[in-house]
Amino acid sequence: MIETSNLTGERIKKYFQEDKRFDGRKLDEFRNIEIETGISQNAEGSARVKIGKTEVLVGIKMNVGEPYPDSPDKGNLMVTAELLPLSSPRFENGPPKFPTIELGRVIDRGIRESKFIEFEKLCIKKGEKVWTLFIDIYSINDDGNLLDAAGIGAIAALKNARIPKYNEKEEKIIYEEKTNTKLPLKKEIPIAITLHKIGKSIIVDPTRQEEDLSEARVTIGSSNGIISSLQKGSEKSLTTEEFYKILDLNEKIERDVFKKIEKFLK
Amino acid sequence: MTNKEFKRPDGRKIDEIRPMSAKVGVVPNADGSAIFKFGETIAIAAVYGPRKMHPQHSQNPEKGTLRCNYNMISFSVTDRIRPGPSRRSTEISKITEWALEPVVMLEKYANMVVDVHINILQANASTRCAGINAAAMALAHAGIPMKDMVSSVSIGKLDKQLVVDVNKYEEDWEEGEGATDIPISLTSNEEITHFQLDGKITKEELKKALKLAKKARKEIYEVQKKALKELPGVEK
């Protein structure tokens, strides 16, 4: 899969100006979202998210460890992403490159800053033992917008997770013994949405072909319109108007996406 | 030797493989892809190529290169695996290449590489065998010329009893002589392309293990073949 050619790129941009896309969507319209939870037996929580042809797997693993010195009574969170070479001819083996690192970090902040996880409830013994949550994200097929798929996957997997049994005397986790204890999560669901500036247009949920043309992007983590994280990426700048437009659009799209995923998160 | 009284922990017969399932075309981006399951062990494989080998000094002007990469995803097992390659995964990657190379016709692809990416989504023992089965299917699905199919199975010896397709519980067998794990890969011509062994076994028992593997191969091959024939757009 080679990069989108200039000719195709020009055509895509022309379509955008007429509020059209190759696949018939509106500029602010997401593809179909499918979520399956509990897909992994050995993870504490898991989810498979498909946005169109894009597919990611997210798993939650838990471990007991020491708290960080600056938060002795709070659990820890670690978000790792792997862009598997299996999922695209563009991804290669080897040490993680920037897109992989950024993906993990943007999702990490989106979840952390939203206060979705009540970390103080993941403390076992203050200053000594707390639960560490690992959120691991794997791409299975990259057809654009892995970021949003990963964010939705992380939320779905967290909702699906059950805390494993912990034997405090022997300091051992019995992973095989599943409990019914859910993670301490807030009711409000944070959703991370990435908006892209392409030419004069702002679009969401790009396909791979469209994402290649992205000049600037903004990922916004918000819940009921309250923004808790934001990151601008890529080289080009944004005007104030464009930025306002992005904020306005985000509000609408957050609601749209929530409606699409709500039924899967029960 | 074949003790009819022997009870496997999950109630299977000694030569019974866990329920298998397979499907091709599971990664739309890839040139070929497949998923293969031995019960709860799930492997997914994707093939990219043949494409130009980079860097140039790795190119082989005589024939193409088959490059396999085996990776377990972090939450495929109960104790989280740190993402990234390990000594174990590096070795299994190479073993997988060796298991498949004898059937892949690389002569036409000088200076090119065929990449096979295998990921274990869920592990309950026999992951390398599930990976090889998925990889062989993905290669066929990608239309890479092959002389034959490869099917892989792990034979186990639990104390003195040989069994087919060991699961995690059996792999950790401690009674008597303990567990011997023997993953074997065979072509449809019953040529051995991969053979490993960890444990303790006599020559006679090992011959019997190979016999069991040959029988299991037929069943696995049928599952692989059926999935490839069910490929969308192919007439039956």
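How many residues does the contact take from chain A and from chain B? It takes 28 residues from chain A and 22 residues from chain B. On the chain A side, the elements giving two or more residues are β3, β4 (76-82) and β6. The largest share, five residues, comes from β6(A). By class, this side of chain A has 11 nonpolar, 11 polar and six charged residues. The model is a predicted one.

**Strand β3 of chain A**

Strand β3(A) spans residues 54-65. It is mostly covered, with nine of its 12 residues buried. β3(A) pairs with β2(A) and with β6(A). The table sets out these pairings.

| Partner of β3(A) | Residues | Sense | Bridges | Residue pair |
|---|---|---|---|---|
| β2(A) | 45-51 | antiparallel | seven | R48(A) opposite L57(A) |
| β6(A) | 129-141 | antiparallel | 11 | V56(A) with S139(A) |

β2(A) and β3(A) also form a hairpin, with two residues between the strands. There, G52(A) takes a positive phi near 60°.

**Helix α1 of chain B**

Helix α1(B) covers residues 87-100, 14 residues in total. From first C-alpha to last it reaches 20 Å, close to the 20 Å expected at 1.5 Å a residue. Its buried residues are I92(B), S93(B), I95(B), T96(B), A99(B) and L100(B). An α-helix has 3.6 residues a turn, so residues three or four places apart point the same way. The buried residues of α1(B) pack against the strands β4 (65-72), β5 (112-122), β6 (150-158), β8 (179-187) and β9 (192-195) of chain B, and against helix α2 (127-141) of that chain.

Note on methods
Residues are numbered from 1 along each chain as its sequence is written. Chains are lettered from A and ligands numbered from 1 in the order in which they are written. This is a predicted model: local features need pLDDT of at least 70, side-chain atom pairs count only at pLDDT 80 or more; totals for chains, interfaces and linings use all residues. A residue is buried if 20 or more other C-beta atoms lie within 10 Å of its own, exposed if 12 or fewer, and partly exposed in between; C-beta atoms are placed from the backbone. Helices (H or I, at least four residues) and strands (E, at least two) are DSSP runs, numbered from the N terminus. Two strands pair if DSSP finds at least two bridges between them. The expected span of a helix is 1.5 Å times one less than its number of residues. Two residues are in contact if their C-beta atoms, placed from the backbone, lie within 7 Å. Ala, Val, Leu, Ile, Met, Phe, Trp, Tyr, Cys and Pro count as nonpolar, Asp, Glu, Lys and Arg as charged, and the others, Gly among them, as polar.
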